[in-house]
Amino acid sequence: MSNEEIKEYVTSIAPSATFDESGEWLNSMVEPGTWKELALRLRNGPLHFDYLFCLTCIDWKTHLTVVYHLSSTTHRHTIVVKAKLDTAKPEIETVSDIWRTAEFHEREVFELFGAVFLHHPDLRRLILTDDFEGFPLRKDFEDPINMIKL
Amino acid sequence: MSHEKAINDLKIKSSMFSLEGITSSLHQWLYATLSPTFALLAECVIVILLAIALFAALGLVLVLMERKVAAHIQIRLGPNRVGPGGMFQTVADTLKLIMKEGLTPDKADKFLFNLAPFIVMIVAMLLLAPIAFAKGFQIWDINIGVLYLSAISSLSVIGILMAGWASNNKYSLLGAMRSGAQIVSYELSAGLAILSIVVLSGSLQISDIIAAQENGWWLFKGHIPVIISFVIFIIAVTAETNRAPFDLAEAESELTAGFHTEYSGMRFALFFLAEYINIFIVCAIGATLFLGGWMPLHIGHWEGFNHIMDYIPSSIWFFGKTIFLIFLIMWFRWTFPRLRVDQLLNLEWKYLLPISMLNLILVTIIAIFGWHF
Amino acid sequence: MYTQTEIIKDTTINGSEGELVINVGPQHPATHGVLHLVITLNGETIKKIEPHLGYIHRSIEKMCESLTYRQFIYVTSRMDYLSSHINNEACALCVEKGLQIEVPARAKVIRVLMGELTRIASHELWLGAMAMDLGAFTPFFYTFREREMINEIMEDTCGARLTMNYMVAGGVAMDLHPDFQRKVKLFVTQFKKRVPEFDDLITNNIIFQNRMKGVGVLSGEDAISYGCTGPVARGSGVSSDIRKLYPYDGYDAVAFDEVLETAGDSYARYLVRLREMHQSIRIIEQLIDAIPEGDFQAKTKAVLKLPKGEFYTRVETARGELGVYIVSEGGTTPYRIKFRSPGFSNLSALHHMAKGSKIGDLMATMGTLDLVIPDIDR
């Protein structure tokens, strides 16, 4: 399906969404509040985005961006959905009930960036030790012993 | 050594080389020079020394053999540094194990933990008693020999359960649980397979069973049912000795080392040694029951052929057959993957046990009508 | 150290009576590394599997943020060390995409050849290790016999056996060793001769089949939902070969089949990997006599600067889809880099696949997932 159709569909669910087509794939910036509803419709709707192949987060110093790379195994189209989160209170609804792979990826983002995924079934640390302080992949993270600065 | 008389009765060709002369002259000399009590004691001491020497020798030889067989199957060389052709590798390993610290876990049941390896070892030692190593060379030719073997061999599971429970380790406990279920189940098939030979021979005494195979081994005389018994026996004893593909009790990739996870140093070595002694013993039993023990290869009334076969010493026949069976069991280990625990029990209760029961009926019919050769 | 908490609310698990919690790992023969699984058992039956990761977490993503576009490629060799070459390729492709470098034809063919050799070597190691998980030690030595030949080919050309570091943005680091073609041909003939041995020893063995058929079943729908890729997804009938779907480096010019099985059990995954080796041999045979002459590296600037923007490439490693996501602010180093590793997603399906089965089944399932721990932890 063409990008125009996907754009139309996303706008019908999340009217505030903005688009960027400069990259390889269609990028869409949505409000965190509308994400859960959009995710459900993208997965179960006619576009059938059933494969979440990448879930990550970027720290832009002023805010965090959660990035979801979605693809469809039947139509072979791809969309990148981004949601801007407040650094002070980074919260977004989980999608682990829609795509099961999100469960682990969200746990990873949670402990490396501190983004909280609401209603996640088991939001605990996955990689770091229990007493680790700070969010290592944030730009303001400093570790004078182990980190090399260029 | 006190029962050579029974073997004397056998009509063995006089040309056959045997140790019988040495043992009986020693027996007579001891009873002539000492009072009967002291003579018996002296014989006991000799037997104990011989048994320990045999254990040490078997441990060294079988471990080396296993490693060489494994290496050959796995296209590599195996031990080849210590001594000529790596012959002293096991000696070096034993020295290492002796010098290692024998750790006892903190919250283990210390008494049972330390006792378990000895139980396993003692059971292995007791099993040696009725085995005929050569013509006229048997520690105790008890008249219920086969029953004795089945009864004592089932005791080793107690040692394993004890080790698993006392270690206070979950892996050990799981290994012991598996081992318990496994040994108790496979005992049945092994017992029924042995019974088929008892039925054919009409005796529980080892020397009688060997004597019954004078004109041919049971494996060849007893038609297909005995071959089925033999196959079932080999499968069952492989399971009983916890060898791959039935090594669920130690299952390295699942339970790290199973029931002996927490053992180290010499206590581990005892388990290790007992495993090899047990293999030797079950193979010796198999060789005795199905392949005629020390009895040379005799074919019916071919006097000339039988006469030539008699020139090979009986001990060589016995050890040759036993080592062939040991090789077979080692071959299994280095070829097959491990069964799952439910598959293991299915194999026993759904296949081996019914088959061996039916087979026993067939063997009984053959024995009653005298259809065997 | 760890407290038990519910990982997934599962209504099929009832009660906590008679539960036994055991730690498989971080030191355990079947985890092939430092994976730590906390397993709740009822007797021998698995009720719950909870992975604890991070024992070999080096935060490669953070490290890459302070490395230049020339340097960061080689850190990724240490992620999935069994297909390090393909990891490097993914990174090089991503940089090339950003800078719009056209890779010479010779370099492309060399990359494909090396990539397929790496895939065979990785599958060989998996085959031996999986057999070992099932309690058979011998296949390990037979698979390593073939793998050794590949390692020697790699050593000739790249100077290393495991972490080759042979890729640069714009091509490969150096030209092929003069002996390369001869040795690869020798390997191909040897491999074809010896593969029937694996069938005799493993595939047709009744115990192997019983241990793997119907064990660790993953439906195609679940495979997509859990983000499983590579042979795990293809064993469940999900077409997911990046080489076919999104060809890179001239994979569209060679003929090969995507191997698909529909059963979704361990045996299907096993068959997929076994047949994939044959497909790799097929690719090598097509290319080994058709290596074009010319440059092995495109001319690039000494200092690489990616334009501002986001770049995502994906390649098919031996374990599945590896995604490299670079966010650039226009500098000499990436602003943010994300590696979407196949092992991480495949591991997340483990609880779903193995719950309700026996401990022995868990080892079979884990064996056919082909987990490489640094690939999961990064």
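Predicted model: local features only at pLDDT ≥ 70, side-chain atom pairs only at ≥ 80, totals over all residues.
**Entry on Val75(C).** I looked up Val75(C) and found its place in helix α2 of chain C, which covers residues 72-75. Leaving aside the neighbours within four places in sequence, I find Val75(C) in contact with Ile60(C), Met63(C), Cys64(C) and Leu67(C). Is Val75(C) buried or exposed? I count Val75(C) as buried because 21 other C-beta atoms lie within 10 Å, and 20 or more are needed for that label. I then checked Asn346(C), which is 271 residues from Val75(C) along the chain, and the C-alpha atoms of these two residues are separated by 22 Å.

**Entry on chains A and C.** Here I find 28 residues of chain A in contact with 32 residues of chain C. On the side of chain A that touches chain C, the elements giving two or more residues are β3 (51-59) and α3 (102-113) of chain A, and the largest share, six residues, comes from β3(A). Sorting the residues of this side by class, I have 15 nonpolar, six polar and seven charged.

**Entry on chains B and C.** For this pair I find 24 residues of chain B in contact with 26 residues of chain C. Which elements give two or more residues to the side of chain B that touches chain C? I list α8 (170-201), α12 (252-255) and α16 (341-369), which belong to chain B. By class, I note 11 nonpolar, five polar and eight charged residues on this side of chain B.

Technical notes
Residues numbered from 1 in each chain as written. Chains lettered and ligands numbered in written order. Contact = placed C-beta atoms within 7 Å. Helix = DSSP H or I, 4+ residues; strand = E, 2+ residues; numbered from the N terminus. Nonpolar A, V, L, I, M, F, W, Y, C, P; charged D, E, K, R; others polar. Buried ≥ 20, exposed ≤ 12 C-beta atoms within 10 Å, placed from the backbone.
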